[in-house]
Amino acid sequence: MSDLLSTVVVIDYQNVHLTAHDIFNRDGERHEALIHPQRFAQTVVRVRNERQHEGHPHAVLCEAIAFRGLPHSLYDWEQNRRCSAQAARWRADGATIELRDLKYRFQTAADGRPATDINGHKIPIGSGREKGIDVLVALTCLRKAVQDDVDLVITVRGSGTPISTGPAMKPRLTAGTTSDALLRTHVALTELDAEGPSSISQVSSSAPYPRSRVQLMRW
């Protein structure tokens with residue numbers, strides 16, 4: 001293994017974006033607190049390296065992956081255009097951006113069927129909501145953790161509940177490559193404050209194949 005750890009940073013974009021707004025720009029508009037995934041990942045790796053004890057290997061960023069919900073063009077054309085344009089720009093800057101369609105609830109007619117507007121389109125109730133992003137983040141971390149060319153996987157979420165690695169999750173994570181990934185993975189929980197990550201606390205160190213490590217950072 002090289003002295004530098006080949007590192008992938010996986011980002012739950014919406015949670016990190018909203019947390020950044022609450023911490024740094026609470027009185028401003030949310031669109032003023034957008035996060036550039038590639039630059040953010042570079043900062044995460046840089047701060048991690050600065051806080052490593054002497055003799056511990058530093059990391060080098062190989063890929064930044066961000067998962068983000070995408071509003072439907074029929075129900076929020078402007079936000080769909082903005083998100084798509086931002087994703088194109090971030091991809092051009094080197095990040096991997098995965099957009100997942102938001103899920104909507106729809107009005108129903110008196111007969112129980114979906115109500116439609118004059119154009120025949122279903123009428124949403126409120127804004128769309130993200131569904132499945134946290135699962136995609138977790139699966140991406142496990143998939144990357146077993147790649148031979150990846151030494152370190154860091155997943156950065158917002159202030160929500162961290163991914164569980166306790167007994168409650170084991171029945172759902174016991175088949176095929178997922179089980180192998182858990183065996184190969186060290187999981188560490190790191191708290192991120194406004195200045196960066198605090199010290200890493202080791203949660204699981206009994207895996208027989210500790211080549212690849214996953215760090216879950218909460219901000």
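1. A residue is called buried when its relative accessible area is under 20%, exposed when over 50%, and partly exposed in between, using a 1.4 Å probe and the protein chains only. By that criterion, 37% of the 219 residues of the protein are buried.

2. The model is predicted, so that local features need pLDDT of at least 70 and side-chain atom pairs count only at pLDDT 80 or more, whereas totals for chains, interfaces and linings use all residues. Numbering starts from 1 along each chain as its sequence is written, and side-chain values rest on heavy atoms, with hydrogens and water left out.

3. The protein has 5 helices and 8 strands, these being DSSP runs numbered from the N terminus (helices H or I, at least four residues; strands E, at least two). Along the sequence they follow the order β-α-α-β-α-β-α-β-α-β-β-β-β. With contact taken as heavy atoms within 4.5 Å, 71% of the contacts between residues at least 6 apart in sequence join residues at least 24 apart.

4. Strands count as paired if DSSP finds at least two bridges between them. Strand β1 (residues 4-12) pairs with β2 in the parallel sense over 9 bridges, and L5 has A59 in β2 as its bridge partner. Strand β2 is also joined to β3 (residues 96-101) by 6 bridges, again running parallel, with R68 opposite L99 in β3.

5. What encloses strand β4 (residues 152-157)? Since 6 of its 6 residues are buried, β4 is largely enclosed by the rest of the structure. L152, I154 and V156 point one way from β4, while V153, T155 and R157 point the other way, and all are buried. In general, side chains in a regular strand alternate between the two faces of the sheet. Strand β4 runs parallel to β1, to which 5 bridges join it, and the bridge partner of V8 in β4 is V153.

6. The largest pocket holds about 720 Å³ of space; a pocket here is an open set of points on a 1 Å grid over the protein atoms alone, where a 1.4 Å probe fits, with protein on both sides within 12 Å along at least five of seven lines, and its lining residues have an atom within 4 Å of a point. Of the 29 residues in the lining, Q14, G69, L102, G128 and E130 lie nearest the centre of the pocket. The elements giving two or more residues to this lining are α1 (13-24), β2 (58-70), α3 (77-92) and α4 (133-145).

Terms used:
Points joined across faces, edges and corners; volume = space filled by probe spheres on them.
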